Amino acid sequence: MTRTLRRRLAAFLHRHAGVRLSLLLSAPMLWLGVAYLGALAALLVSALWSTDTFTGNLVKEVTWVNFQELLTVEVYRTIALRSVGVAAAVTLIDLVIAFPMAFAMAKLAPPRAQRWLVIAVLTPLWASYLVKAYAWRVMLSADGVLGWGYGLTATIVTLSYLWLPYMILPIYAGLERLPNSLLEAAGDLGARGGRTFRTVVWPLAFPAVIAGSVFTFSLSLGDYITVKIVGGRSQLIGNVVYDNIGAANNLPFAAAVATVPVLIMLVYLAAVRRTGALENL
Amino acid sequence: MNLSRTARATLWATLAGGLAVIYVPLLVVLLNSFNADRTFGWPPAGFTLRWWEAAWNSTGVRDALWTSIQAGLGATAIALVLGTMVAFAIQRHSFFGRDAVSLLIILPIALPGIVTGIALNNAFRTVLEPFGVGLGMFTVIVGHATFCVVTVYNNVLARLRRTGTSLEEASADLGADAFTTFRLVTFPMMRSALLAGGLLAFALSFDEIIVTTFTAGAGVKTLPLWIFENLFRPNQAPVVNVVAAALIVLSVVPIYLAQRLSGGEASTR
């Protein structure tokens, strides 16, 4: 009895691809499409609400006051610009360190060593984010190995350290796909290292660089933990969001601030979309 | 390629220097876990196993570790089911909005963690609290599963792309129904992809702190939350450092497993 039922169900599913598809998509779409997107949409809507200054209760009326405050108050503009500056600095530092490393890995190292070098770069990714930030806190502390102290520079250094592998790996993958024959051809035609780099390597590796920068930029932009650990008293966008959720209990304003990194990332993604880098992610 | 000798030397030196920069901080943490000095004065004056013993006996560390394992297992289990389902839907069917669905899967890790964190926090408090479900282990698992789906999805999708459908068609031609085919053909083909994806999902969950901050109630403390809370307490510093050192040592395990998985695959084919 149950056997025939099972066979009939199997046959039914086999014949009806649409039913199969809806069953496959049902739970994931309920979870991510309805619950998660719904939560994001609700957050966006609440950015248009406000809180009563006396009672701290939500006032569910549409107002642009949060965005007005965000744009007009000097402090928030400074913090937003500082966050973008930190993200850009981290991306630049990582690029300068990662490109020669990836090039040496992909084009100079013998094939057997390549596998081990990739593992060597990958391994620290599995070490906890918090542990790595902590390691820099210990090293940067006044009586630590480096002893530079905390602050914005410490934040940039630590973030660059944290996201370096995310820059190395895409560039390495991009350079590995670049045929050696192109480099040899450039050499045969008389180009030296610098010229080959400018006219052959860099243009072809550029999408990979962009792919890496998406990681380093967006990961730096949303960070508030590292700033708390090594940043001393400096603040980034993430800290403003965090403080407004926690201490100030002002969800609408926090939601409005949280749209800033999302908007910046969307602009960034739209700008780099034309390079074709996003297919590399 | 015409690379001058200095250019070659510079590239090699950057590679060596970069790898040194990657590993030195981790080694410093490992060394400091044996540092006899409570404030990690450098260079270490002497070495001791005292802190390892203290960390081993710390109930705070043990509870946090157990909480993290539970949350990781729960999130991984959900991610395995949801990620596999979406991967099959995307790879084996073509439908309107397929690109949107694949984008939706990536969204939770593409957005800054704090955005996902406060969105979920807000949703949980407005939707679940009227039913008497407060923030706690359940909400942590839900939050983690949301961003873990993508790792399983990526691994299963890559595997499905490579294997194709011919073996399943052969199984159907030989008279096996859809369930038997799944059990005897499809699942065994995907097993190592599921393992790799699950491993990544667990690691992602085990390490996560931002979404966790916003989805854990007062009672739930995962290991990252415990570390972060004790990071700024000078008298806890040695124990925090030991936990950090232990996590660094443990991070070799997934790398080893991943290598075994990919190595085993190569030998069976």
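Biologist: Which elements of chain B have the lowest and the highest mean pLDDT?
Modeller: This is a predicted model. In chain B, helix α12 (residues 252-268) has the lowest mean pLDDT, 66. Helix α3 (residues 59-92) of chain B has the highest, 94.

Biologist: Where in chain B is the pLDDT below 50?
Modeller: Over residues 264-269 of chain B. Beyond near neighbours in sequence, that stretch has one contact in the model. Where pLDDT is low, the predicted coordinates should not be read in detail.

Biologist: And what does chain B average?
Modeller: Chain B averages a pLDDT of 87, and 96% of the residues score at least 70. As for the model scores, ipTM is 0.82 and pTM is 0.86.

Biologist: Switching to the interface. How many residues are in contact?
Modeller: 74 residues of chain A contact 62 residues of chain B. On the chain A side, helix α2 (residues 17-46) gives the largest share, 16 residues. By class, that side of chain A has 55 nonpolar, 13 polar and six charged residues.

Biologist: How many helices and strands in chain A?
Modeller: Chain A has 12 helices and two strands.

Biologist: Is chain A compact or spread out?
Modeller: Chain A is more spread out than a compact globule, because its radius of gyration is 25 Å, well over the 19 Å the globule rule gives for 281 residues. Along the principal axes, its C-alpha atoms fill a box of roughly 75 × 75 × 40 Å.

Biologist: What share of chain A counts as buried?
Modeller: 43% of its 281 residues.

How values were computed
Residues are numbered from 1 along each chain as its sequence is written. Chains are lettered from A and ligands numbered from 1 in the order in which they are written. This is a predicted model: local features need pLDDT of at least 70, side-chain atom pairs count only at pLDDT 80 or more; totals for chains, interfaces and linings use all residues. Two residues are in contact if their C-beta atoms, placed from the backbone, lie within 7 Å. Helices (H or I, at least four residues) and strands (E, at least two) are DSSP runs, numbered from the N terminus. Ala, Val, Leu, Ile, Met, Phe, Trp, Tyr, Cys and Pro count as nonpolar, Asp, Glu, Lys and Arg as charged, and the others, Gly among them, as polar. The radius of gyration is taken over C-alpha atoms; the globule rule is 2.2 Å times the number of residues to the power 0.38. A residue is buried if 20 or more other C-beta atoms lie within 10 Å of its own, exposed if 12 or fewer, and partly exposed in between; C-beta atoms are placed from the backbone. pLDDT is the predictor's confidence in each residue, from 0 to 100.
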